[in-house]
Amino acid sequence: MSALKSFKNIVPLLDRVLVQRAKAEAKTASGIYIPEKNVEKLNEADVLAVGPGAVTKHGERIPVSVQAGDRVLIPPFGGSTVKVGDQEYTLFRDSEILAKISKE
């Protein structure tokens, strides 16, 4: 299998949402660097791409509730991890996304 060169090659299907988890600060307020293994994973992520939405048994499409560029709250576990080079992305179903974070 060939390696993916960019997350743009990943096109989510149905109600799937491709996100990249936000990086936690690796440095304290006083300037001390924290080892990478001790940095906690945040439950915030940026939406990179979304599928067209699920289809009901009557053939109607249910649109995805988020769009590319949104900041969302995701569960600490779950989703399908996809590695592209040294970057890690996660695919979630739209229903697994906990909340959309407002930019205000």
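Predicted model: local features only at pLDDT ≥ 70, side-chain atom pairs only at ≥ 80, totals over all residues.
**Entry on the whole chain**

I then looked up the secondary structure and recorded zero helices and eight strands, so that the pattern read along the sequence is β-β-β-β-β-β-β-β. Of the 104 residues in the chain, I found that buried residues make up 26%. The chain exposes about 7,600 Å², and carbon and sulfur atoms supply 53% of that area. Among the contacts with a separation of 6 or more, I saw that 61% come from residues 24 or more positions apart.

Going back to β6, I asked how many bridges join β6 to strand β7. I found five bridges between β6 and β7 (residues 87-93), and these two strands run antiparallel.

**Entry on the salt bridges**

I looked up the salt bridges next, and the structure holds five of them. One of these joins the side chains of Asp-15 and Arg-93 at 3.1 Å, N to O. This pair links distant parts of the chain, since Asp-15 lies in the segment before β1 (16-21) and Arg-93 lies in strand β7, 78 residues apart. Asp-15 also meets Arg-16 in a salt bridge, at 4.0 Å from N to O. Is Asp-15 buried or partly exposed? I recorded Asp-15 as buried because its relative accessibility is 14%, and buried means under 20%. Arg-16, at 28%, counts as partly exposed, and Arg-93, at 36%, also counts as partly exposed.

I then turned to Glu-44, which forms a salt bridge with Arg-71, the closest N and O atoms being 3.4 Å apart. Here too the pair links distant parts of the chain, with Glu-44 in strand β2 (residues 44-50) and Arg-71 in strand β5 (residues 71-73), 27 residues apart. Glu-44 is partly exposed at 31%, and Arg-71 is partly exposed at 27%. Finally, I noted that salt bridges with shared partners join Asp-15, Arg-16 and Arg-93 into one network.

**Entry on a surface patch**

Last, I looked at Leu-13, Leu-14 and Val-55, which form a nonpolar patch on the surface with about 280 Å² of accessible area together. Val-55 sits in strand β3 (residues 54-55), and its relative accessible area of 43% makes Val-55 partly exposed.

Terms used:
Residues numbered from 1 in each chain as written. Heavy atoms only, no water. Patch = residues over 30% accessible without salt bridge, like charges linked within 9 Å, V, L, I, M, F, W, Y side chains within 5 Å. Areas by Shrake-Rupley, 256 points an atom, 1.4 Å probe, with all protein chains shown as cover. Helix = DSSP H or I, 4+ residues; strand = E, 2+ residues; numbered from the N terminus. Buried < 20%, exposed > 50% of the residue type's maximum accessible area, 1.4 Å probe, protein only. Contact = heavy atoms within 4.5 Å. Pairing = 2+ DSSP bridges.
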